Amino acid sequence: MANMPNSAPPRLVLRFLQFVCPPQLLEEIEGDLVQRFAKDVTLLGARRARLRFAWNVIRYVRPSILFRRHASTVRRRNLMLANTIKLTGRQWIRNKTFSTVNVLGLTLGLAVCLLVAQFVLFEKSFDRYSPHADRTYRVNLYNTENGVFDKISPATVSGLGYELRNQLAAVEDVARVGSKTGGVVANPLKGREDLENQIVYADASVAHVLGLTFVNGQSPKTFADTHSIFISTALAEKYFDRRDVTGEMLAIGFNNGSALPEDYHVAGVFEDMPPNTHLRFDMILPPPNEQAWNENWSWGDVSTYVLLQPEANATALAPAFAEMVKQHHHSNTGDRYLLEPIASIRLQALDGSGRGGLINFFMVLAAIVLLLAWFNFVNLSTARFFERLKEVGVRKLIGAGRFQLMMQFLVEAFIFNLVSGGLALMLFVLCWPSLAAYFGQPATITLWQDGNILYGVGFVLVGTLCTGFYPALFLSSFTPLLSLQGKIGSFADRTVLRKVLVAVQLSVSVALLTGVMAVRQQVDFMRSQNLGIALDQTLIVESPLLTDNTTANHYEPFRQALLKMPGVEHVTYASSFAGEEIDWHRTDITLGAADAGYRYGSRIVGIGTEFLEAFDLPLLAGRNFDATNPRDTKTMLISEAALKMFGFETPAQALGQNVFVGSRQFEVIGVVRNYHFRALQTAIQPLLYIQGYPRNPRYAIKLSGGNMQATVAAIGSVWKTTYAGNVFKYYFLDDFFDRQYAADQQVGTLVTALSLLAAFISCIGLFGLTLYAVHRRTKEIGIRKVMGATVSQVMMLLSREFMMLAGVGMILPLPFLYYAVNQWLTRYAYRITPGPVLFILPLAAILLLAFITMSFQTVVAARRNPVDSMKHE
Amino acid sequence: MAKEYLGEFEELILTLVAGLQDDAYGAAIAEEIETRLKRDVNLSAVHVTLYRLEDKGLIKSVMGGETKERGGRRKRIYTVTSAGMALLRAMKEMRLDLWKMVPQLKMIGG
């Protein structure tokens with residue numbers, strides 16, 4: 001019988017079938033064949049049955065089996081669906097304005113969400129390119145001065161990293177990266193030369209710690225000597241036109257005491273760092289003095305990156321850090337070292353520079369705009385119910401069930417959302433490049449590649465369902481007889497939800513508009529303040545990069561040559577100018593004697609003797625530096641704020657006092673009036689001025705108007721002859737200073753755009769609501785007009801309710817708004833006092849806008865011939 | 001589905017699917033053809049036709065339970081859709097209409 005061992009179908013043939021037959025068909029076909037075989041065995045005997053089996057299998061080698069991709073297709077022609085789609089199209093055409101505004105609102109809301117999602121995605125993708133980014137940390141110093149918290153800063157000293165690497169088992173690797181420096185890079189063979197600014201001194205281990213990949217697959221562990229360098233592929237292509245240039249030579253001139261460039265040997269080429277990283281560089285140099293780099297605990301401004309062992313815990317380093325503070329930080333015993341994961345630097349950096357707050361703000365705004373758009377959709381859909389009253393009635397009489405009707409409205413909502421989604425996608429793709437340029441992000445859209453997009457899609461789908469569901473429930477609820485008579489069921493007459501939605505929309509619009517006003521007022525306020533210093537028509541020229549011990553001598557002839565020009569008023573130098581952080585910051589300043597108890601912290605600038613004159617800075621007491629007095633290199637001017645810091649009552653008291661910076665002694669010879677050397681976000685800090693040509697001076701050239709371009713060109717040619725081989729780079733000081741407000745202005749522009757959108761969408765909602773009200777009262781209006789009501793009276797009648805609603809909706813959030821604006825303003829040291837105008841103006845603007853929106857329909861309704869109105873059903 | 005053309009073998013298979021009801025699967029249909037029509041038919045031809053009919057929406061299928069004689073493999077059970085039934089009925093009526101044109105000299109079957 002079939003159970004006999006030799007009655008099993010031949011294995012080989014079965015294997016062949018499994019090979020040729022598409023898997024989804026296999027089970028069925030195999031089963032039928034085996035069944036057939038079992039029958040054949042009983043009829044014909046095992047041998048012939050096997051032959052037949054093989055033949056049957058071979059017959060399956062035919063295209064309609066081999067290339068069949070699916071097991072079964074069920075082609076359902078859903079007639080109801082087709083019908084619904086047709087109906088939706090008809091509805092659309094019949095209410096063109098209605099559908100268009102509806103879709104417009106949704107499109108804008110969705111597009112904004114897409115744009116913000118892409119923006120946020122990029123911000124969140126920072127510093128994740130390294131394969132072991134999750135165990136890479138940056139060391140931060142929690143710094144204290146005189147036992148009091150000063151700041152958290154990622155600037156550490158170079159000795160720290162060396163000790164970390166050598167002492168701790170939990171540490172896999174450490175990389176120290178120095179601050180950026182500039183260099184004139186040249187490839188003489190190709191005759192290419194340019195100024196590069198993205199150059200860092202670092203350990204060779206930076207390649208491993210930060211996860212750089214080298215083009216030739218090998219990542220060097222160390223630098224062979226002080227003249228080997230790693231460069232990025234971008235630099236390689238720029239100077240050699242190819243990527244792997246390992247072993248080639250580059251001539252590089254640095255600001256390191258030699259005016260002549262030296263030859264450097266390319267020991268490795270790494271792939272360009274991605275744009276989404278907090279630290280970017282194009283060239284890595286070994287530190288010039290290896291021993292000092294390793295052992296020096298005062299070589300500052302070094303970023304220390306730590307790669308922990310896979311199982312190690314960041315907290316395991318705490319005792320070691322405490323020990324280091326004890327050994328190396330002397331009196332600052334309150335100092336601590338903190339580890340921050342590199343992936344969190346962009347958004348939540350410990351030093352407070354993270355953009356997380358801004359990102360959350362954007363996300364909330366986008367969500368608000370989308371919510372408003374959805375509110376609108378609900379409002380407009382339900383407001384249309386008068387037009388659809390009869391339709392629903394007839395449908396119900398013919399026999400449509402409630403479920404079918406709901407499906408119809410849901411499908412309608414879905415189609416509206418689908419169309420809006422498509423349009424929003426197009427808008428997004430169109431707008432992203434310009435927005436990306438505005439925020440300095442890459443123009444490529446990476447949104448589709450991210451898994452989180454699914455959550456977003458899910459969110460939008462759920463939202464669509466919710467927004468579609470209420471109108472569906474609402475519209476399908478009419479009782480057929482009443483709706484055919486034009487009477488509205490009790491459920492349908494509930495407009496509370498719509499009123500609440502519109503009120504919320506309007507209050508959100510007012511809130512956003514108030515935000516816009518606040519940002520604008522604050523930025524305008526800051527820009528219009530007297531800085532206490534004249535920044536206009538001032539050209540700042542970057543210091544020459546290639547210097548040696550004779551460079552300082554070139555300054556005086558350079559200055560004299562410039563002063564001879566007609567358009568030049570003053571020429572001076574300083575270590576830093578207004579509009580940037582002054583990085584010369586000492587915290588070991590004492591008064592009276594070196595090491596005299598309390599240590600003050602202050603910023604210091606080195607200036608030329610003409611500085612005060614060039615910038616119109618008046619002295620409150622004492623005298624300016626005297627260029628001819630050699631003793632004046634041991635003197636100091638102090639700012640008003642420094643005067644206060646030192647505790648002097650009057651400027652005169654400070655004169656003749658001795659201030660020690662570390663061990664160097666300075667006599668105070670004058671007090672300079674305060675000026676804002678930083679934007680008005682920050683308060684004026686104490687500042688000490690000392691005279692003398694600093695290490696990295698920049699030159700300030702005060703122009704007297706006339707033909708600026710010609711003057712700048714002339715200065716450039718003088719520069720070329722004085723500082724041969726150096727690039728002439730300059731900027732205008734007032735522009736530079738204003739750039740500090742760029743971030744605020746960026747936020748301002750964004751909030752403006754979003755709030756206008758929100759206001760627009762709210763107006764659409766109001767439009768729908770008015771439409772509904774006017775429809776409902778058409779007959780009443782007709783009767784009133786017959787009785788003698790004027791157009792304005794009718795308009796008042798129609799608008800009154802909504803204006804009151806709008807008023808309430810807008811006034812309720814005012815206390816919250818007042819609080820929020822004040823909270824935001826605390827970020828600024830110099831700020832506006834929010835006055836009533838700030839809150840009343842947006843309110844009035846939105847009210848006016850609301851009124852205008854409503855008038856579109858109230859005017860038409862009020863002016864209509866009463867005869868027509870009375871005929872209305 | 002105004003002008004759906006059905007071949008002779010397709011029609012045969014469709015009819016058998018309708019007739020065999022819960023027992024309509026490849027091997028059973030082939031066997032039925034062999035025993036009733038005394039016509040040699042290859043399994044592969046039956047399967048291909050079943051798939052084609054399914055693509056046309058005339059039949060639909062579900063995987064049925066497994067049986068021992070098939071070594072634990074499941075059957076795919078086919079059933080006629082309403083479209084398939086309508087088509088069968090239309091074809092039968094058309095045949096009858098045409099048949100009525102033939103002079104009724106001799107009756108052969110019904």
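# Strand pairing, packing and chain contact

Trainee: How many bridges join strand 17 (residues 658-661) of chain A to strand 18 of chain A?

Mentor: The model is a predicted one, and in it strand 17 and strand 18 of chain A run antiparallel. A:Val661 of the pair stands opposite A:Arg664 in strand 18 of chain A. The number of bridges that join strand 17 of chain A to strand 18 of chain A is four.

Trainee: Which residue takes a positive phi in the hairpin of strand 17 and strand 18 of chain A?

Mentor: The hairpin of strand 17 and strand 18 of chain A has two residues between the strands. The positive phi there is near 65°, and the residue that takes it is A:Gly662.

Trainee: Do strand 16 (residues 635-639) and strand 18 of chain A run parallel or antiparallel?

Mentor: Strand 18 of chain A, residues 664-672, is also joined by three bridges to strand 15 (residues 619-622) of chain A, and that pair is antiparallel, with A:Gly622 opposite A:Gly670. For strand 16 and strand 18 of chain A there are five bridges, and A:Ser639 stands opposite A:Val672 in strand 18 of chain A. The direction of strand 16 relative to strand 18 of chain A is parallel.

Trainee: What is the phi of A:Asp127, and is that residue buried or exposed?

Mentor: A:Asp127 belongs to the loop between helix 6 (96-124) and strand 1 (136-145) of chain A. Its phi is positive, about 55°, although A:Asp127 is not a glycine. Most residues other than glycine have a negative phi. Because A:Asp127 has 22 other C-beta atoms within 10 Å, where 20 or more are needed, its phi of about 55° belongs to a residue that counts as buried.

Trainee: How far apart in space are A:Thr84 and A:Met407, C-alpha to C-alpha?

Mentor: A:Thr84 is found in helix 5 (residues 79-94) of chain A, and it is buried, with 20 other C-beta atoms within 10 Å. Leaving aside neighbours within four places in sequence, A:Thr84 is in contact with A:Gln408 and A:Val411. Although A:Thr84 and A:Met407 are 323 residues apart in sequence, their C-alpha distance is 8.7 Å.

Trainee: Against which elements do the buried residues of helix 7 (residues 158-167) of chain A pack?

Mentor: The buried residues of helix 7 of chain A are A:Ser158, A:Gly159, A:Leu160, A:Gly161 and A:Leu164. The elements of chain A against which they pack are strand 1, strand 3 (171-187), helix 10 (290-295), strand 9 (303-308) and helix 11 (318-328).

Trainee: What is the distance between the end C-alpha atoms of residues 496-519 of chain A?

Mentor: In an unreviewed entry, UniProt places the feature "transmembrane region" at several spans of chain A, including residues 100-122 and 496-519. Residues 100-122 of chain A are 100% helix, with end C-alpha atoms 33 Å apart. Residues 496-519 of chain A are likewise 100% helix and 0% strand, and the distance between their end C-alpha atoms is 35 Å.

Trainee: How are helix 1 (residues 8-20) and helix 3 of chain B placed relative to each other?

Mentor: The contact joins B:Phe9, B:Glu10, B:Ile13 and B:Leu14 of helix 1 of chain B to B:Val46, B:Thr49, B:Leu50, B:Arg52 and B:Leu53 of helix 3 of chain B, and these residues divide into six nonpolar, one polar and two charged. The axes of the two helices lie 10 Å apart, at an angle of about 80°. Since angles of 65 to 115 degrees fall in one class, helix 1 and helix 3 of chain B are therefore roughly perpendicular.

Trainee: Which element gives the largest share of the side of chain B that touches chain A?

Mentor: The contact takes 21 residues from chain B and 23 residues from chain A. Helix 2 (26-37), helix 3 (43-55), strand 1 (59-66) and strand 2 (74-80) of chain B each give two or more residues to that side of chain B. By class, the side of chain B that touches chain A has five nonpolar, seven polar and nine charged residues. The largest share, seven residues, comes from helix 3 of chain B.

Technical notes. Residues numbered from 1 in each chain as written. Chains lettered and ligands numbered in written order. Predicted model: local features only at pLDDT ≥ 70, side-chain atom pairs only at ≥ 80, totals over all residues. Contact = placed C-beta atoms within 7 Å. Nonpolar A, V, L, I, M, F, W, Y, C, P; charged D, E, K, R; others polar. Buried ≥ 20, exposed ≤ 12 C-beta atoms within 10 Å, placed from the backbone. Axes fitted to C-alpha atoms, helices over the stretch in contact; angles between N-to-C directions. Parallel < 35°, antiparallel > 145°, perpendicular 65-115°, else oblique. UniProt positions renumbered as here; feature names shortened; annotations may be inferred. Pairing = 2+ DSSP bridges.
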